[in-house]
Amino acid sequence: MSQLSPLPENLQKVERQTRQLQAANLVGREVASILDLNELLPRMVDIICETYDFYYAGVFLLDETRQWAVLRAGRGQAGKALIAEGHKLEVGGHSMIGWATGHRQARIALDVGEEAVHFRNPHLPHTRSEMALPLVAGNKVVGALTVQSTQERAFSEEDILTLQTMADHLAVAINNAYLVRDLERANAELLRAKTYEALTAATTQAIHWIGNRTLPMTTAIQRLKSDLASDRPDLASCQEDLDLLADSVRQIVEVKENLLGPVREQRPRPAMLADLVQAAALQAGVPAAMLRLEIAANTPLVLADTAQLVRVLCNLFRNALEARASQIAVALAPAPNDEVAIHVNDNGEGIPAEMCDKVWAAFVTTKSADHSGLGLPAALLVVNQLHGSIRLTSHPGKGTSFHLLLPAAHDSSKLALKPGSAPHILLVDDDDAWARFASLALGVVGCTVMQGLEFQGTTPDQIWVDEALEVQPIQEVLAHLKAAGVLDRTIVISAAPQVERVTRYLQMGVREAALKPYSLGELGALIG
Amino acid sequence: MTYRILIVDDEPMVARSMQKTLVRAGYAVQTAPSCGTGWAVFEVAKPAFDLVLLDLNMPDFEGTATPDAGFSLLDKVAAARPGLPVIILSAYDDVNKARQAIARGARGFCVKGREQSLLDQIHAILPGEAPQ
């Protein structure tokens with residue numbers, strides 16, 4: 001009378017089946033979520049060995065010749081040693097893995113001592129049972145799975161079934177990883193081809209462009225020499241030739257300006273986009289009434305070389321003006337992946353569809369031949385250097401939109417003043433976001449901040465003048481401060497300082513012409 | 001009286017072109033192609049120069065082409081003749097270099113290719129009727 005026995009054995013069996021089902025689920029999840037084989041394969045051998053309590057498991061993948069199965073993951077020290085040795089077995093060769101991959105069938109040895117094709121591995125001396133399962137995706141063998149036990153007859157029918165299921169999942173995952181790799185390679189190749197094509201096109205365009213600029217110069221010079229040698233020079237022709245020379249030179253200088261531009265700041269820094277938009281609008285000559293700026297809530301700072309980013313925005317604004325836009329709308333908003341989105345939309349003439357991809361190439365322009373066609377390529381170069389992206393959409397007759405994404409910046413710096421120093425600062429700026437940021441931050445650390453151009457009573461210790469002032473031209477402001485005898489306490493701050501302007505301010509006698517601070521640390525550094 | 005200007009620039013065409021422009025404007029102009037030669041010419045000049053135009057990127061005092069060699073010459077000129085107007089004329093559009101130049105005593109900083117205002121600056125520094 002033992003109807004209830006053998007309960008412990010049944011219980012063990014149920015527990016084992018449960019573990020196997022759980023392992024199968026886990027394998028299913030892992031293969032769906034991990035595309036990196038360097039991560040997936042070791043994980044698989046660990047799951048298998050832990051679930052089945054096997055001595056060893058390993059995954060072989062066929063190499064590119066498809067003649068060898070190369071070990072890519074192996075359990076424990078034996079696995080590490082084998083991989084370090086570059087362990088591989090010939091497909092169709094004298095081993096269980098060789099047989100399984102050659103025949104596309106599982107090979108099971110319940111006693112390896114009696115197995116004809118068993119490969120005696122010196123790193124795995126205790127193997128008594130071994131199973132080799134081919135990994136087949138579609139009709140292609142991609143590799144094989146080996147599992148080994150120190151027990152003879154270690155594999156039950158259920159074990160074989162569940163392991164085969166895991167192997168099938170793994171084969172699909174491996175195939176997917178290969179497909180992704182092939183796609184990435186094809187993409188890279190396409191990119192290289194397109195880049196080469198673009199460079200060739202750009203070089204051809206450059207040669208074409210330079211040739212068209214130098215010919216008028218050389219022929220004009222010849223004519224001028226001839227005229228000078230003549231008794232009766234054609235003065236009207238001389239004047240025209242000089243105009244041709246001047247125009248060619250102007251265009252060559254424009255190329256240099258766009259290709260090199262101002263020397264880059266040392267390193268990108270957190271910056272207030274709205275402020276850069278205003279600075280760019282001022283530089284490009286966009287009337288205030290023409291610009292509409294919308295800033296979404298929680299728009300973070302961007303990480304940028306501010307002088308270069310102002311150049312980019314300036315180029316986009318100039319494009320809009322040249323396209324006869326009557327309105328430019330700029331929208332700033334947070335974007336996924338810790339980025340900031342900038343949309344610059346104009347209602348100008350638009351860009352023909354066939355030109356939309358080409359305008360990013362140097363020397364390609366939709367405007368007249370005296371334009372260098374370098375504004376947008378320069379913008380693309382700068383945005384790429386800032387690890388951002390830019391693209392455009394356009395509807396001829398309706399307008400053009402530029403869409404930029406730039407990395408967000410998070411200011412973790414602190415505003416620390418020297419002990420006992422909390423200067424009185426006069427801020428000469430429009431009532432904008434930056435002025436509010438600076439006033440608040442400086443006030444918190446004990447500085448007295450006043451805004452405006454006039455000061456009553458105590459002379460401020462420092463006067464900060466925003467170069468991109470809308471309410472009054474900066475030259476008038478500086479003249480006023482000079483008359484008040486405080487120019488030597490004045491610092492002109494700019495998002496995009498320019499050599500000629502900085503030199504002029506310094507020559508006038510300002511204390512400093514500095515980069516506009518957008519972080520607490522930079523505010524503190526400016527105070528000194 | 002004719003104002004005398006020294007141009008130190010290692011690019012012969014740049015030096016010659018600026019010389020032509022300044023001579024037409026009525027100045028007496030000498031050129032030198034490096035810091036070493038420029039300093040030698042500056043030291044012995046009689047009468048002394050009234051203004052110096054300096055390139056930045058040129059051979060230094062050891063004859064090695066160096067990006068900021070002109071600053072070394074600026075320092076020597078400023079030490080020898082404090083207050084003598086010196087204008088830097090550089091190809092590089094670099095705000096930091098402009099700041100450095102002013103801080104080291106230069107009167108101005110011009111970017112080559114945008115030097116159209118240079119003559120006006122010189123006229124403002126060396127005032128008077130167009131010298132003969």
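This report describes a predicted model, starting with chain A as a whole and then turning to selected parts.

## Chain A overall

Chain A has 528 residues, and 46% of them count as buried. Its secondary structure comes to 13 helices and 18 strands. Among contacts in chain A between residues at least 6 apart in sequence, those joining residues at least 24 apart make up 65%.

The number of disulfides over all chains is 0. A disulfide is a covalent bond between the sulfur atoms of two cysteines. A:Cys238 is buried because its relative accessibility, 13%, is under 20%. A:Cys447 is also buried, with a relative accessible area of 6%.

## Helix 4 of chain A

Helix 4 of chain A covers residues 96-103, and its buried residues are A:Met96, A:Ile97, A:Gly98, A:Ala100 and A:Thr101. An α-helix has 3.6 residues a turn, so residues three or four places apart point the same way.

The buried residues of helix 4 pack against strands of chain A: strand 1 (56-62), strand 2 (68-74), strand 3 (88-90), strand 4 (107-109), strand 5 (129-137) and strand 6 (140-149). After helix 4 comes A:Arg104, which has a positive phi, near 60 degrees.

## Asp275 in helix 7

A:Asp275 belongs to helix 7 of chain A, which spans residues 273-284. A:Asp275 counts as buried because its relative accessibility of 9% is under the 20% limit.

A polar contact of 2.7 Å joins the side chain of A:Asp275 to the side chain of A:Lys516. With neighbours within four places in sequence left aside, A:Asp275 is in contact with A:Lys516 and also with A:Asp432, A:Trp434 and A:Tyr518.

The structure holds 1 cavity of 30 Å³ or more. The largest cavity has a volume of about 30 Å³. Its lining consists of A:Glu467, A:Val492, A:Ser494, A:Pro497, A:Val502, A:Tyr505, A:Ala513 and A:Ala514. By type, these lining residues divide into 6 nonpolar, 1 polar and 1 charged. Three elements of chain A each supply at least two residues of this lining: strand 17 (490-494), helix 12 (499-508) and strand 18 (512-515).

A:Arg501 lies in helix 12 of chain A. A:Arg501 is buried, at a relative accessible area of 17%. Not counting residues up to four places away in sequence, A:Arg501 touches A:Gln283, A:Glu467, A:Ser494 and A:Ala496. Among these, A:Glu467 and A:Ser494 also line the largest cavity.

## The largest pocket

The largest pocket has a volume of about 1600 Å³. There are 28 residues lining the pocket, and those closest to its centre are A:Val249, B:Met13, B:Ser17, B:Thr21 and B:Glu115. Elements of both chains A and B give two or more residues to the lining: helix 5 (157-229) and helix 6 (235-259) of chain A, and helix 1 (12-24) and helix 5 (118-125) of chain B.

Helix 1 of chain B gives the most to the lining of the largest pocket, supplying 9 residues. By type, the pocket lining holds 16 nonpolar, 4 polar and 8 charged residues.

How values were computed
Residues numbered from 1 in each chain as written. Chains lettered and ligands numbered in written order. Predicted model: local features only at pLDDT ≥ 70, side-chain atom pairs only at ≥ 80, totals over all residues. Heavy atoms only, no water. 1 Å grid on protein atoms, 1.4 Å probe; cavity = no way out; pocket = protein on both sides within 12 Å on 5 of 7 lines; lining within 4 Å. Points joined across faces, edges and corners; volume = space filled by probe spheres on them. Helix = DSSP H or I, 4+ residues; strand = E, 2+ residues; numbered from the N terminus. Nonpolar A, V, L, I, M, F, W, Y, C, P; charged D, E, K, R; others polar. Buried < 20%, exposed > 50% of the residue type's maximum accessible area, 1.4 Å probe, protein only. Contact = heavy atoms within 4.5 Å. Polar contact = N/O pair within 3.5 Å; in protein donor to acceptor, adjacent residues only side chain to side chain. Disulfide = S-S within 2.5 Å.
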